[in-house]
Amino acid sequence: MDGGARRCLFSRQELEGRIQELGTRLSRDYAGLNPVLVGVLKGVFIFMADLVRALEFPVEVDFVRLRSYTGGTESSGEVHITKDVEVPLRDRHVLIVEDIVDTGLTLDFLRGHLASHRPRSLKICCLIDKWERREVEVPLDYVGFPVAQGFLVGYGLDCGEQQRTLPEIYVLEKD
Ligand code: IMP
């Protein structure tokens, strides 16, 4: 399913520029705090790779993998951990890094799970805040781009495992 109509929403240049801005802000806010960045696989892998290289100091990274989507464009509503964190988070400054927030169910679950590790602080950075279908309020401390709606692909985001490696972000056009 590599075909299908799609429209470019964020160009490479826009992504690079915004990630640089996020990196500058995070570098200021986390200077001297030795944070751990916890990325949510798989969609985050490209954003995370660019974000850590926009920071002014080295950070520790870890990843979780959660299942919330059945593979299409609708959420199943349930969240399961299929890969947990490995770095001890107790008393650390933890920043969750997520590609896109839709209903908020995934992040709400993950926040609760990571909070049980008793980190010193726990914040969230997401590239896309897709706000219109939010079901649970989650505090998004750092947001790349707010987007009302639409199913997005590219720059790590997939639709049924396709279109993840597109360098820009596209919105799938409805027929
Ligand atoms: P939420 O639990 O509804 O907030 O969904 C979050 C997860 O759903 C993200 O981590 C993505 O994996 C997936 N998702 C939500 N919207 C999109 C989209 O527009 N494109 C690709 N994946 C999405």
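**A charged side chain and its surroundings**

Author: Lys42 counts as partly exposed, because its relative accessibility is 31% (buried means under 20% relative accessible area, exposed over 50%, and partly exposed in between, with a 1.4 Å probe and protein chains only). The model is predicted: local features need pLDDT of at least 70 and side-chain atom pairs count only at pLDDT 80 or more, whereas totals for chains, interfaces and linings use all residues. Residues are numbered from 1 along each chain as its sequence is written, and side-chain values use heavy atoms, with hydrogens and water left out.

Lys42 meets the side chain of Glu161 in a salt bridge, at 3.1 Å from N to O (a side-chain nitrogen of Lys or Arg within 4 Å of a carboxyl oxygen of Asp or Glu). Glu161 is likewise partly exposed, at 44% relative accessibility. The pair links distant parts of the chain: Lys42 is in the loop between β2 (36-41) and α2, Glu161 is in the loop between β8 (152-153) and β9, and 119 residues separate the two. Helices (H or I, at least four residues) and strands (E, at least two) are DSSP runs, numbered from the N terminus. Asp158 and Arg164 join Lys42 and Glu161 in a network of salt bridges. A search of the whole structure finds 13 salt bridges.

One of the others lies within helix α2, where Asp50 and Arg53 are three residues apart, about one turn of the helix. Their closest N and O atoms are 2.9 Å apart. Asp50 is partly exposed at 28% relative accessibility, while Arg53 is exposed at 62%.

Glu98 is buried yet has no salt bridge, and Arg164, the nearest side chain of opposite charge, is 9.4 Å away (Lys and Arg count as positive and Asp and Glu as negative; His and the chain ends are not counted). Glu98 belongs to strand β5 (residues 93-101). Neighbours within four places in sequence aside, its contacts include Val40, Val44, Phe47 and Leu127 (contact means heavy atoms within 4.5 Å).

Together with Leu51, Ile128 and Ile169, they touch the most other members of the largest nonpolar core, which has 28 residues (a set of buried Ala, Val, Leu, Ile, Met, Phe, Trp, Tyr and Cys residues joined through side-chain atoms within 4.5 Å). At least two residues of this core come from each of α1 (12-29), α2 (45-53), β5, β6 (121-130), β7 and β9 (169-172). Helix α1 gives the most, with four residues. Leu51 is in contact with Ile19, Leu22, Gly23, Leu26, Leu37, Val97 and Cys125, leaving aside neighbours within four places in sequence. Apart from this core lies another, of 19 residues, among them Val79, Val87, Leu107 and Leu110.

Leu110 is also touched by Val64, whose other contacts beyond four places in sequence include Val40 and Leu41. Val64 is found in strand β3 (residues 60-69) and counts as buried, because its relative accessibility is 1%. Between Val64 and Glu161 there are 97 residues of separation in sequence and 18 Å in space, C-alpha to C-alpha.
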